[in-house]
Each structure stands twice: as structure tokens, then as C-alpha cells.
Amino acid sequence: MVNQTKQKKTSWIALLCVAALLLLVIILENLSAWTGVKGILAPTSQLFTVLKKAAVYSLVAVSMNLLNGFTGLFSLGQAGFMLLGAYTYAILTVPAAAKDQVYYLYGGSAIRYSVIDLLGKLFGSSGAGGAVSLILGVLIALICAGLVAALFAWLIGLPVLRLKSDYLAIATLGFAEILRAIFQWQRLGPVTNGANMIKQFPTFTSFNIKNAAGREVLRLSTFVPFLVAAACIFIIVLLINSSYGRAFKAIRDDEIAAEAMGINLFRHKQLAFVISSFFAGVGGALFAMYVANAQAKVYTSTMTYEILLIVVLGGIGSISGSCIATFLYVAASEWWLRFLDVETVLGNGFKVPLLRNGFRMVVFSVIIMIVVLFFRQGIMGDKELPDLLRRRGRQSKSAAAEETEGGHG
Amino acid sequence: MKKSIAWILALVLVLGLTACGGGGSSSSAAGSSDNVVRIGVFEPSTGDSASGGKKETLGMQYANQETSTVNIGGTEYKVELVIVDNGSSTDKAPSAAAELVSKDVSIVLGSYGSGVSIAGGPKFEEAGIPAVGVTCTNPQVTAGNDYYFRICFLDPFQGTVLANFAADKFSATTAYCLGENGNEYDQGLIAFFKQAFEAKGGKVITDSYPTNNNDFTSYLNKAKSEGADVIFTPVSIAYATQILTQASSLGITAPFLGSDTLDDNMVLDAVKGTDIQLFVSTFYQEGGNSAFDEGIKNYINTNDAAKSANGGNDTISAVTAMGYDAYYVALEAMKKAGSVDKADLMAALPGVSYKGVSGDIAFDSTGDAIRDTAFIKTADTASGAWTLETVQKGA
Amino acid sequence: MEYAVSILLSGISLGGQFALIAIGYTMVYGILRLINFAHGDVFMVAGLMGIYLSASLPFYISLPLVIVVTVLLGFVIERVAYAPLRSAPRMSVMISAIGVSYLLQNVATYVTGGQPMTYPELPLLYDTVKVAGTPTKWAVLLTPVLVVILVLALTTLINRTKIGMAMRAVSKDFEISRLMGIKINSVISVTFIIGSALAAIGSMLFFTNYQGIYPTVGAMPGLKAFVAAVFGGIGSIPGAVIGALIIGIAETIIKGLPSAWDVSVFSDAFTFALLIVVLVFKPTGLFGEKATDKV
């Protein structure tokens with residue numbers, strides 16, 4: 001009982017922390033506008049690019065972790081489901097007026113309507129009505145993106161989920177490759193736009209609030225991906241802490257024992273796979289919003305590997321680990337380590353050796369290998385942030401309890 | 001113990017690999033003067049189009065060396081090039097664009113390759129930075145993006161020119177078009193070529209290969225067996241060299257037509273000493289402006305980094321001339337705006353007109369260059385040089 | 001007719017080159033139960049080595065050296081990235097393999113400056129010969145011959161020698177073989193050495209035919225070789241070869257189908273679809289033994 005109230009307390013604290021984080025994001029992004037000081041944190045700063053991308057990736061990483069870390073299903077199809085999500089979102093939200101231009105090779109799209117336009121007829125397309133139809137439209141499109149990915153996951157899951165670990169990995173990888181070829185096929189051009197990108201749909205910047213004169217009064221472009229990602233991750237956390245989550249973990253730890261306990265293996269695997277793909281689909285849609293286009297070429301197996309490595313860095317089986325690792329990974333690769341790619345000559349004329357285009361990624365992959373080999377637990381192991389905090393408080397208490405908590409892994 | 005030996009071995013291997021490489025790449029000039037204006041260079045230096053991107057950057061670097069300051073309203077500004085690599089891929093382009101934005105550039109030049117320009121475009125639009133496309137010919141670069149301009153001709157024009165050329169020069173009735181699946185540049189050009197060629201009464205066979213494909217022999221044999229009179233391959237440099245070498249070992253006799261991307265000395269190397277007939281459409285032909293030719297050759301020959309970027313010789317690529325012109329268009333816009341602020345530059349750009357080495361440059365209402373000239377070159381396979389075949393005007 | 005011959009020739013040679021990579025996959029998987037994702041990249045590095053070493057050395061020195069360096073690379077990868085994880089879950093080893101693949105690709109990008117490289121024209125292999133009126137390279141004709149010789153040699157090695165017996169024992173049961181006094185680590189090393197040597201030979205044939213080398217060039221052939229290994233039955237060398245030949249030929253046929261059908265873009269997708277079908281309906285492949293589940 002005591003334990004339960006304690007857990008409730010920590011989850012309230014966690015929720016508060018997330019809310020504070022969201023608020024902080026809004027403040028950060030508007031800091032330069034509100035204070036009027038140009039030098040600090042201009043909205044063009046690399047920080048916001050990193051934050052946006054990391055928010056998107058953290059959702060995808062957590063969705064992958066749900067599968068690989070919590071259910072023990074090694075799937076490499078994440079990029080494929082992201083692709084489905086990205087295309088679904090893009091196809092549904094490109095404004096009807098822009099379709100002829102976007103689908104210029106096919107004389108317009110086969111799907112003539114856009115969710116936002118339809119809602120616009122309902123609520124009005126400008127002012128507050130416009131805002132409502134934008135938010136609702138994007139929300140509907142995001143959910144559809146997830147649903148389409150989930151549907152395909154269900155279909156592909158029927159045969160492949162019966163496969164063993166590494167066969168499952170290679171089968172899902174293959175499935176993602178097949179999807180990519182289909183989406184690039186010219187014959188499907190009127191729907192997928194063939195080789196061309198789908199673009200001009202609402203992106204994160206569409207959520208910046210402008211006044212009548214067209215000046216931005218409140219920037220929300222970083223807040224939106226944070227909000228969506230946080231909401232989705234929250235749902236995943238709820239799921240993991242439910243009885244389903246415990247069943248997933250039981251399957252991960254020992255399939256045979258789990259089955260003996262009366263857990264329907266296939267149904268639970270399928271559930272994890274479909275839910276994970278749903279959120280990968282939403283993540284894909286967010287990614288499309290981040291890069292402001294949807295193109296099949298981008299969603300390659302390299303992308304899946306990247307996300308897998310993030311999961312490993314953060315710790316397989318740790319949600320907060322995945323989130324932290326995503327931010328570190330994205331910030332390091334997009335921002336902090338950029339200097340490694342630039343040839344640098346120091347003041348005294350000394351040319352720093354090795355620094356040249358591509359060195360960043362070499363350093364990066366070496367770091368990853370070191371983590372994979374020597375810090376197999378990743379940043380968090382299979383613990384969550386609250387666990388760490390709690391453990392410090394309880395240090396004086398019985399060591400035996402400690403051992404059972406930290407013993408496995 | 002054993003583990004550490006293994007690690008040392010690994011390290012030695014990595015270092016050994018590194019040592020095999022050598023050769024430098026881009027660098028940006030560091031300046032600490034108060035009056036500095038930054039021009040972003042958004043070009044690929046890795047990936048499929050690296051060879052072209054490096055040559056285009058070369059033109060800008062040469063122009064920057066030639067004219068490194070600009071006088072705006074009586075104030076002397078030092079012009080600094082900020083070079084980022086967009087990796088020739090549409091997934092790396094947005095973050096490269098974001099990096100340029102964060103470096104506070106006033107205007108962006110580039111890119112070689114349409115896909116990356118389309119992918120990076122929204123980032124520039126978002127930040128309100130005008131971008132001048134140099135050799136990205138796909139219509140989608142400027143369509144729907146007010147902030148993107150370009151100084152080259154467009155693919156509907158290029159496709160038509162090549163289709164007419166194929167019909168007139170070779171009396172071709174059947175054309176085989178091969179492009180990369182999922183590459184909008186390739187597929188766009190093929191679509192325009194098809195339109196124009198079919199309007200002339202010809203028959204077009206289109207085909208695509210998957211990304212990272214190596215084996216083109218099946219495609220080339222198919223072209224042969226389906227009776228193609230010309231083979232049109234508007235593909236990236238990396239694929240073009242493979243297609244052409246495989247074609248030569250298969251003894252393909254049908255002439256190859258290429259778009260602006262094939263105007264590269266790597267492609268020239270690939271067909272040197274073979275029987276391949278190759279014709280490409282492009283923006284500039286060596287000899288068009290002798291002062292520029294002489295200057296850039298001198299620059300390339302006296303600068304090792306430039307020479308390796310140019311593929312180890314001093315053949316002038318059309319994209320180098322275009323990069324050179326783009327730089328001066330940017331300076332012209334600054335002078336016209338009387339400011340180096342991105343918003344002022346954006347306002348001034350539509351009215352800029354400039355006489356460059358590759359021809360007159362002015363923009364129409366969508367931001368596209370008003371151009372009606374394409375040079376068609378042919379590869380002289382014996383000497384390994386381009387020779388001018390014809391100049392096509394109008395569509 | 002001429003067209004059919006040319007398609008078949010391309011198919012057989014492509015299949016043969018996949019086969020050389022697939023043998024490495026199937027042997028490693030047979031013993032370690034590890035999908036060695038880095039194998040395709042070892043193949044790519046062998047190609048790059050071919051370029052760099054041939055630039056300064058004559059071919060009769062550089063080509064053997066390529067094999068030696070590639071073997072060394074395969075050995076080092078196993079010792080550094082896989083051996084320490086022997087007792088770790090299978091997923092960790094696979095992630096390590098993906099990490100190595102990522103590392104090799106990035107190092108290759110760094111070294112080549114990101115530009116595609118061109119493989120040198122090897123003497124004899126690059127020369128053109130006419131078969132039934134179709135011009136083709138010697139490499140195309142030599143590939144199947146070489147594959148057959150190598151497979152015979154390998155099967156002899158595995159069935160007749162002591163190390164071969166050890167390999168078979170280890171792939172049957174890891175733990176028991178260890179108890180029987182087999183030096184597991186050296187058996188695994190030998191496996192990686194053989195696999196890498198074949199990848200090096202494969203790289204010479206492959207890149208003579210398709211000269212462009214870029215950092216990710218190994219990824220696709222690597223995956224396809226794995227599919228071939230699965231198709232033929234994991235652990236079976238003749239199976240891997242036959243699987244690779246079928247995939248190679250099927251792929252060229254799909255590429256060669258009339259362009260009006262517009263299906264040539266699915267040549268890669270077909271391979272993966274085949275994989276899924278095989279995995280679902282006959283997970284043991286064509287020649288695979290019924291695997292006993294090792295819990």
C-alpha cells in the first residue's frame with residue numbers, strides 16, 4: 001500500500017516535471033522576442049533545430065524500445081512504419097489548392113481533399129476558426145498516420161511475428177525496403193507523388209501564432225513536437241505499467257515461462273508490435289513536419305539503425321534513457337560535434353590533424369562502439385529517472401531490497 | 001591483455017585506412033573584421049553529387065578570392081563564405097540548411113542537385129533568408145517557395161531541348177530513358193523529355209533502377225533489345241559513370257544523352273578511350289569567356305585543394321562558371337538593396353539583373369532565371385575533352 | 001536469344017558474386033547464430049583496398065595483399081566487437097555488428113572524402129569476350145567457375161579436416177564442444193578468416209563488373225547475400241551458393257522484364273519478399289537441417 005502511494009507520488013512529480021519542461025520550451029523559444037535582446041537564443045539558433053528533431057526521434061526511439069526493450073522483439077522495421085506515417089500525414093494535409101503544383105507530374109492528386117480544408121469549411125478557414133481547423137486537422141492526420149502504420153503492422157505481423165529473434169529482424173528490415181520501393185513507384189504517382197516529395201503541408205512553424213500584421217507574437221514551433229511526443233510517450237508509459245506491460249516484460253524475460261503463466265504469446269507480441277508501429281507512424285508524421293517534406297528515399301535502413309543505436313545508448317528497457325540518449329545523440333551529431341568536420345588552423349598556424357569532412361561521423365561511431373562494448377547498460381540500463389532519485393533517498397535503508405532491485409540486467 | 005592487443009590492432013587499422021585517404025576539402029575563410037557579410041554555400045561535398053558540388057563551390061571560392069569585399073552605401077564589407085555539406089541526400093539537407101540559418105548568413109547560394117534544394121528550401125523560407133539556386137533545374141525548387149530563386153534554366157526547357165536534339169540530330173524514333181527510382185530530378189526530366197519527344201512523334205520507353213543499384217547491364221541490354229535509337233540518362237554523376245562504363249563493355253552503339261549533371265570530368269574520364277557517343281546539355285562551354293577561363297585555370301593550377309576538388313585537372317565545368325555567376329548575383333543584390341540584411345536582400349533580388357560569364361541573368365515572377373540558351377556538348381572520347389556540338393535557343 | 005543469353009550471363013555472375021559473400025554469412029551464422037551485418041562492409045573495404053593498393057603496387061602484389069588485409073580486418077572485427085560479447089544476449093552481438101557496419105561506412109566516407117571511387121581495371125578479368133554474340137567480361141565467365149572450385153575446396157575442408165570437424169561440432173552445439181576441449185575462439189576466428197577471404201575475392205569480381213565504390217556499396221549485396229544464405233538453408237554452403245544463384249538470376253530477370261510493365265524497380269523488393277516467404281513457409285531453407293532450438 002505504502003509503496004503504491006509512493007509510486008503515485010512519483011508519477012505526479014514526473015508529470016509536473018514534464019509540464020515544466022514544456023513551459024520551459026515555450027519560454028526559451030520566445031526569449032529573444034520577449035526580452036527584445038537579439039543576441040540571446042535567436043529563434044534561428046541550432047538549439048531549436050536540435051530540440052525539434054530530438055523530440056521527434058525520442059518518440060520513435062521510445063516506440064522502438066517498447067518493442068525491443070520491453071517485449072524482446074527485435075524488429076528493424078521502424079523506418080518503414082515512419083514512412084507510412086509520413087506519407088499518410090502528408091497526403092491528408094496538403095492543401096487542395098497546392099495539390100496541382102505538388103503533384104505536377106501527375107496533373108494533381110487522386111485524393112482531392114485535405115482534412116484541414118474540410119474542417120475549414122466547418123469552422124471557417126481564418127482567425128480562430130482557422131486555428132481550430134488546423135489543430136484538429138493535424139491531430140486527425142497524425143492519428144490516421146499512426147493507424148495506417150498500425151494496420152500494416154498488423155498485416156505484416158501475422159506471418160513474421162512467428163519468427164525467431166534475428167529472423168524477425170531481417171524480415172522486418174526487408175518489409176521496410178519493400179515499402180520504400182512501392183512508395184517510389186511511378187504508377188502510384190497520383191497518390192504518393194512517385195519520386196517527388198510531397199510538401200507544402202502544415203509543419204511545426206504553422207503553429208507559430210501571428211498577429212493581424214503577420215508578425216509572430218508567440219512561437220510554438222518547438223513546443224508542438226514536444227507536446228505531441230510527450231503525450232505519446234506518456235501513453236506508452238501507462239501501457240508499460242499496466243498488466244499488458246508486465247506481460248510484455250514476462251515475454252521478454254522468458255517466452256516459455258510466460259506462456260506457462262497463461263500469457264497468449266502471439267496476441268501480446270502482436271499487440272506490442274501494432275502499438276509500437278502506431279507510435280512509429282506518428283513519429284514519422286512528426287518527422288515529415290520537421291523536414292517539411294515527405295519522400296520515401298529518406299526512410300532507409302540507416303535511419304532504423306540510427307534509432308536502434310539511440311535505444312542502445314539510452315539503455316534497452318528504459319524510457320527515460322531513450323529520451324535522454326536521443327537528445328544527446330541529436331545534439332552531438334547535429335550541433336556539438338560539427339566542429340570536427342571543419343578544417344581548423346589554430347592561432348599559431350598549427351593545423352589540427354584529422355579534422356575534415358566526415359570525421360564527425362567517425363568519432364561518433366567509435367563512441368557508439370565503445371558504449372556497445374564496454375557500457376552495455378547504456379546510460380540508464382533498465383532503470384528510469386525516478387528510480388535513480390528514489391534510490392538515493394533510500395540508500396540508508398535495507399541493502400537487501402537494493403540488491404533485488406539492481407541485481408538483474 | 002588480449003583485449004588490449006585487439007584494440008591496438010583495430011586502432012592501427014583505422015589509422016591506416018585514414019592515412020590512405022589524404023586530400024583536403026572545404027574550409028571557410030575566417031575573418032574578424034567588423035563589417036562582414038556572410039554568404040551561405042549549400043552544396044554537397046559528400047555523396048552521389050559530391051563531384052559536382054565541389055566544382056560549383058570552387059566557382060564561388062574563386063569569385064570570392066577575386067572580389068572579397070563589397071561596397072554598400074560607402075561601407076566596405078568583407079564577404080565570407082560559410083560552406084556546409086548537404087551530403088547529396090534529402091535527409092541530410094534540412095539539417096545542413098538549419099546550420100546555415102544558425103550561422104546567420106544573409107543569403108544562400110546552391111545547391112547542385114534539385115532534391116537537396118527542395119528539401120532545404122523550407123528551412124530558408126522559415127528563416128526568411130533568400131536562396132539562389134545555382135544549377136538545380138527541377139521546377140519544384142522555386143515553385144511554392146518565395147524565397148528560392150535560381151540562375152539556371154529549368155527542366156521543362158532542358159527536356160525539350162534534348163528531345164528536339166535527339167529527334168533532329170539522330171532522327172531517333174525510339175528513346176530509352178533510365179533514371180533512379182525515387183529521385184525527383186531524374187524522374188522529372190524524364191517526364192519532360194517524354195512529353196516533348198512524344199509530341200515529335202517518337203516513342204519513349206521509361207525505366208528506373210533502385211537506389212544503390214550496381215548492375216546496369218540488364219537495363220542496357222533491354223534498351224538494345226527494345227530497339228532504342230538514343231538512351232537518355234539524366235542521373236547523378238556516380239550512376240552515370242557506372243552506366244557508361246558498363247555500356248562500353250557491352251558495346252552499346254546507340255548514342256547517350258545526358259542532362260547537366262553529366263557535364264563533369266568524372267563522366268568524361270569514364271568514357272575516355274571507349275566508343276561511347278555521349279551528348280550532354282549544359283550551361284556554359286569553355287571558351288565562352290576567355291578572361292574567366294584564364295583566371296579560373298590559373299586559380300585551379302596554383303591551388304592544390306582547388307585542383308583536387310576539380311578532379312585533378314583544369315577542365316572547366318559549367319557548374320563552376322555558374323557558381324561564379326551566382327556569387328556575383330549575390331553581390332549585385334547587396335548593392336541594389338544597399339544593405340546586407342536578409343529581408344532587404346529578399347526584396348531586392350527579384351529586380352536584380354546581371355551579365356554573367358554564362359549569360360544574362362534576370363528573374364521572372366516565380367524567381368526563375370529568364371534563360372533560353374542551352375549548350376549541347378559531346379565527349380571527345382579520344383582526347384578526353386568536351387567539344388561544343390550546338391547551341392540550342394528557345395523551346 | 002541474344003538478349004536472353006545476356007540476361008542469364010549477368011544473372012549467373014551476379015549470383016556467383018553474391019554466393020561468395022553468402023558463404024561468409026552462412027558460416028558465421030551457422031556457428032555464432034549472428035547476422036554479421038558488417039560482412040557487406042568488409043566487402044566494401046576490400047574494394048577500397050583494391051583501389052588504394054593497386055594505385056601504387058603491381059596487381060600481382062596488390063591483389064594478394066587485399067586478401068591479407070581483408071582477412072586481418074575480419075579477424076580484428078571478430079576479436080574486438082564480437083568476442084567480448086560471447087556470453088551476452090544475441091541481440092547485443094547483432095547491435096555490435098550494426099555498430100561495426102556503421103563505423104566502417106563512416107570511416108570509408110571519411111577516407112574517400114565522400115566521393116565515389118572507381119575500381120581499377122584488373123588484367124584479364126576486365127577484358128571483354130564474346131559469348132553467343134553477346135560481349136561480356138571475363139570476370140562474368142570466371143565467377144561461376146571460381147565459385148564451384150571454392151565450394152568444393154570448402155566442403156572438403158569442412159568434411160575432411162580436423163578444423164572442419166571442429167566447425168561442425170561448434171555449430172551443432174556450442175557448449176558441449178567447449179566441454180569437449182574444442183578451442184571455440186580459434187574455430188570462430190578461422191570462420192571469420194575464411195569468410196573475409198571469400199569476401200575479398202568476391203569484391204574483385206564484383207567491382208570489376210560494377211566499378212563504382214561508395215561507402216554504402218556493401219550494404220545491399222550484403223543483405224542479399226544473407227537472404228541467399230537463408231534461402232539455401234543457413235549453415236549449408238552449397239545451399240548458400242544455389243540460393244545466391246537463384247536470387248542473382250531472378251533479380252536480373254526482373255530488371256530485364258519489358259519496361260512497359262514498369263516492374264524493374266522491384267528487383268530489390270523481390271529479394272526481400274522472397275525472404276519473408278521463405279522464412280514463413282520453410283524457415284530451414286532449401287537445404288537447411290532442421291534446427292533444434294537452443295534455449
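## Close-up views of a predicted three-chain model

**View 1. Confidence along chain A.** In chain A of this predicted model, helix 17 (residues 399–406) has the lowest confidence, with a mean of 41, while helix 3 (residues 78–93) has the highest, at 96. Confidence here is pLDDT, the predictor's own score for each residue, from 0 to 100. Helices (H or I, at least four residues) and strands (E, at least two) are DSSP runs, numbered from the N terminus. Chain A averages a pLDDT of 86, and 93% of the residues score at least 70. Look at residues 396–409 of chain A, where the pLDDT is below 50; this stretch has three contacts in the model beyond near neighbours in sequence. A contact joins two residues whose C-beta atoms, placed from the backbone, lie within 7 Å. Where pLDDT is low, the predicted coordinates should not be read in detail.

A note for all views: residues are numbered from 1 along each chain as its sequence is written, and chains are lettered from A and ligands numbered from 1 in the order in which they are written. As this is a predicted model, local features need pLDDT of at least 70 and side-chain atom pairs count only at pLDDT 80 or more, while totals for chains, interfaces and linings use all residues.

**View 2. The open sheet of chain B.** Six strands of chain B form an open sheet in the order 2-3-1-4-5-6, with mixed pairing. Two strands pair if DSSP finds at least two bridges between them. At the edges lie strand 2 (69–72) and strand 6 (148–150) of chain B, each pairing on one side only. On average, neighbouring strands of this sheet are turned by 30° against each other, direction ignored. Further in, strand 1 (residues 36–43) and strand 4 (residues 107–109) of chain B run parallel and are joined by three bridges. Val41(B) has Leu109(B), in strand 4 of chain B, as its bridge partner. Helix 4 (residues 114–127) of chain B packs on the sheet and touches strands 1, 4, 5 (131–133) and 6 of chain B; its direction makes about 165° with that of strand 5 of chain B. Axes are lines fitted to C-alpha atoms, for helices over the stretch in contact, and angles run from 0 to 180 degrees between N-to-C directions.

**View 3. Two domains of chain B.** An automatic or database assignment sets the bounds: domain 1 of chain B covers 36–153 + 289–363, and domain 2 of chain B covers 155–282 + 375–393. Their centres, taken over C-alpha atoms, are 27 Å apart. In the contact, 18 residues of domain 1 of chain B meet 19 residues of domain 2 of chain B. Helix 2 (50–66) and helix 4 of chain B each supply at least two residues to the domain 1 side.

**View 4. Where chain B touches chain A.** This contact takes 33 residues from chain B and 31 residues from chain A. Helix 3 (93–102), helix 4 and helix 6 (184–199) of chain B each supply at least two residues to the chain B side. Helix 3 of chain B gives the most, with six residues.

**View 5. A helix pair in chain C.** Helix 1 and helix 10 of chain C pack at an angle of about 140°, with their axes 7 Å apart. The residues of this contact divide into 16 nonpolar, nine polar and one charged. Ala, Val, Leu, Ile, Met, Phe, Trp, Tyr, Cys and Pro count as nonpolar, Asp, Glu, Lys and Arg as charged, and the others, Gly among them, as polar.
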